[in-house]
Amino acid sequence: MTHKRMENHYVPVMLNCSGRRCIVIGGGKVAERKIEALAGSGALLTIISPKVTEKILHMVDRGEAEWRKKPYLQGDLEGAFLVYAAASSPEVNAQVIAEAKQRNILVNSADAPSTGDFITPGSVRRGKLTIAVSASGASPGLAKQIIEQLRTDYGDEYQIYLDFLQQFREVIQFEVEDRRDRKRLLDRVLEMDILVQIREKRYRPWSQEEMIKWITANREE
């Protein structure tokens, strides 16, 4: 009897890096993409590299990251929560991965993904909405095609829509005690044509009073 080999798969997570030290080793185009992925996360971002790209330098000038203008040395990862090994040298990346594993720090390897703890999927962000896509390294080209399609399908209107949904959810949670009633009302909010209104430029923000009035009317149905 033969047994089918089970392949390991990555577990998708949304990682909270706010207030935590995240280090990127390297300053080239690959490191640039890793840094952009961390931008806006609230991470305490440190870049260690003798040189950086113009885009990274602009981020440093805006105060979005700290740049240590030096080569990586053993001990540089002390206090890190997460590390990207994105140097141009495979030897340096291997040293970074070894130190990270020794210190039990999550590490991503740019040139040898299987040696790290995680990979960074491509993503589309629209305000609070994040859609991530990964082909687990099998076909980065396909993942990129899917990302481009998602950018078309999920435009900037979703940022406004998610803000509306979050505000309505907070009002419902405050006004309605019964969990079943909450769920029913939240489902009904999703049935509204708000997204269509936003796309057609007919949407206007709701006041809290309007939301409470809607909740009262729909609870009585």
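Modeller: Leaving aside residues up to four places away in sequence, Gln197 touches Arg202 and Tyr203, where contact means heavy atoms within 4.5 Å. Gln197 belongs to helix H7, which spans residues 194–199; helices (H or I, at least four residues) and strands (E, at least two) are DSSP runs, numbered from the N terminus. Gln197 is classed as buried because its relative accessibility is 17%. Buried stands for under 20% relative accessible area, exposed for over 50%, and partly exposed for what lies in between, with a 1.4 Å probe and protein chains only.

The model is a predicted one, in which local features need pLDDT of at least 70 and side-chain atom pairs count only at pLDDT 80 or more, whereas totals for chains, interfaces and linings use all residues. Residues are numbered from 1 along each chain as its sequence is written, and side-chain values rest on heavy atoms, with hydrogens and water left out.

Just after H1, Gly40 adopts a positive phi of about 80°.

The charged pairs come next. A salt bridge requires a side-chain nitrogen of Lys or Arg within 4 Å of a carboxyl oxygen of Asp or Glu, and by this rule there are 17. In one of them Glu32 pairs with Lys55, their closest N and O atoms being 3.9 Å apart. That pair links distant parts of the chain, since Glu32 sits in helix H1 (residues 29–38) and Lys55 in helix H2 (residues 54–61), 23 residues apart. Glu32 has a relative accessible area of 6% and is therefore buried, whereas Lys55, at 41%, is partly exposed.

Asp156 forms a salt bridge with Arg126, and here the closest N and O atoms are 3.8 Å apart. This pair too links distant parts of the chain: Asp156 lies in the loop between helix H4 (140–153) and helix H5 (157–175), while Arg126 lies in strand S6 (residues 122–126), 30 residues apart. Asp156 is exposed because its relative accessible area is 57%; Arg126, with 14%, is buried.

A further salt bridge joins Arg180 to Asp178, with 3.9 Å between the closest N and O atoms. Arg180 has a relative accessible area of 68%, so it counts as exposed, and Asp178, at 30%, counts as partly exposed. Elsewhere, salt bridges that share partners join Lys29, Glu32, Glu36 and Lys55 into one network.
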